[in-house]
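Student: I would like to learn how to read the sheets, aromatic pairs and pockets of a model. Could we go through them one at a time?

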Amino acid sequence: MNQLSLFDHQSEYSLCPAMAPLADRMRPQNLDDYIGQEHLLGEGRILRQMLEKDTIPSMIFWGPPGVGKTTLARIIANRTKSAFVTFSAVTSGIKEIKDIMKQAEENRAFGTRTLCFVDEIHRFNKAQQDAFLPYVEKGSITLIGATTENPSFEINAALLSRCKVFVLKELSTENLSKMLSRTLTDKRGFGSSTIHMADKLLDLIAAFSNGDARTALNTLEMAILNGRISPDGSVAVTEETLEQCLGKKTLLYDKKGEEHYNLISALHKSMRNSDPDAAVYWLARMLEAGEDPLFIARRLIRFASEDVGLADSNALPLTVAAYQACHFNGMPECNLNLTQAVIYLSLAPRSNAVYTAYEAAKKDAVSQLAEPVPLNIRNAPTRLMAELHYGEGYTYAHDTKEKIAHMTCLPESLKERRYYLPTDEGQEHIMKERLERSRAFRLETQEPAPPL
């Protein structure tokens, strides 16, 4: 069979007879074609069982764009024995809602359920959302809402309480690569044409799409429509073509492979070495290659305690704030939030005393698991415990002038152990002075622990 050319019929859509965008043409029609959300639709999972038994409750699909919320609603519509209507929260008002609800009541009178799908339900105001409530309560309709916003804040509590919330996750790079490969062979996509495109380029599109199937398919379509056409009608997509479509250089990066760990290591060690220029460069390499900004933010939070610690007590709240900013803003806006945190951490005073304290304590905790809690710091809520000397010898520190009691809180065999060894860096010298005074006072007239 002859292959179609991009120039057949003098149309850029001649690779496919349909004029619809690729993302719409490739929309899965059944669960077998649906990619991702295995935690909901895998064998034995609750949503799949509901679909197979046709016992669909009113529900909310909550997840980021391009993960299959609308597609899943359409699959449900194809499987269920219900009339199916759709609303767009952008274009529908109270009148349209009431008209459909009236029809749903008539359907119910004839024993037919009505399934209503509301895209971007968070955009409906309270009055519009309330218009669905009585019909959901009566069972006249089964409501399926799709939202990218937290339903707890954006959907009325009364309506939300009558819906089951299903959280849809970002599609993995593997999910997207599989979908893109299938698109090249499926006749709804480019299966009727000969496309020469390396698997690594599909993987790059998948990585840059950040879990969004629509973005991945739109990028693939643009790359192919701008590919090099050979005399035989085949199309070749090169790395240079893809770079032009992405508007940036394609950085070879696997978010789960070796380069992922190499770059985060480079970022961490550059900050540790007080080199903000190198740290910002490695940060940019990761973000521009499609790394999840929340992953980087979590590593900065770890760095704040592991490498800065109490030498600068502002480091931890600042990195937590950077994480929240990434959550609120997303990319690309959060790139400056992360840059601010990276520069701050790079120039902050250094202390790993918090890290070494825990590691030393962990070693003792693991090797001496049976070490009993000293009786003087045990709680004694019952008479029997009091008779067994629980809490005997305990002094409430706030009752003392110094706010410190003359007692040890470590097990007898470890009472001389020192885990936290503060440095003189930054603010930690203050902690060091306080700790030395505290230890000296506690050991002055320390009372022996009562016998077991």
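This is a predicted model: local features need pLDDT of at least 70, side-chain atom pairs count only at pLDDT 80 or more; totals for chains, interfaces and linings use all residues.

Student: In which sense do S6 and strand S8 pair, and over how many bridges?

Tutor: Two strands count as paired if DSSP finds at least two bridges between them, and strands (E, at least two residues) and helices (H or I, at least four) are DSSP runs numbered from the N terminus. Here S6 and strand S8 (residues 235–237) pair in the parallel sense over three bridges. They belong to an open sheet of three strands with the order S6-S8-S7 and mixed pairing, whose edge strands, S6 (195–197) and S7 (228–229), each pair on one side only.

Student: What is the order of the five strands in the other open sheet?

Tutor: The order is S2-S3-S4-S1-S5, with parallel pairing; strand S2 (82–88) and strand S5 (164–167) are the edge strands, each pairing on one side only. From one strand to the next the twist averages 20°, where axes are lines fitted to C-alpha atoms, for helices over the stretch in contact, and angles run from 0 to 180 degrees between N-to-C directions. Helix H5 (residues 94–109) packs on this sheet, touching S2, strand S3 (113–119) and strand S4 (141–147), and its direction makes about 175° with that of S2; contact means heavy atoms within 4.5 Å.

Student: Which residues face each other where S1 meets its partners S5 and S4?

Tutor: Four bridges join strand S1 (residues 59–62) to S5 in parallel, and the bridge partner of Met 59 in S5 is Lys 164. Four bridges also join S1 to S4, again parallel, with Ile 60 opposite Gly 145 in S4.

Student: How many aromatic pairs does the structure hold?

Tutor: A pair of aromatic rings is described by the distance of the centres and the angle of the planes. Rings of Phe, Tyr and Trp (its six-membered ring) pair if their centres lie within 6.5 Å, and planes under 30 degrees apart count as stacked, over 60 as edge-to-face and the rest as tilted. The structure holds three such pairs. The rings of Phe 61 and Phe 166 have centres 6.4 Å apart and planes at 55°, so this pair is tilted. Phe 61 lies in strand S1 and Phe 166 in strand S5, so the pair ties together parts that are 105 residues apart in sequence.

Student: What volume does the largest pocket have, and which residues lie closest to its centre?

Tutor: On a 1 Å grid over the protein atoms alone, a pocket is an open set of points where a 1.4 Å probe fits, with protein on both sides within 12 Å along at least five of seven lines, and lining residues have an atom within 4 Å of a point. The volume is the space filled by probe spheres set on the points, which are joined across faces, edges and corners. The largest pocket holds about 1600 Å³, and of its 43 lining residues the closest to its centre are Pro 64, Glu 170, Asn 210, Asp 292 and Leu 294.

How values were computed: Residues are numbered from 1 along each chain as its sequence is written. Side-chain values use heavy atoms; hydrogens and water are left out.
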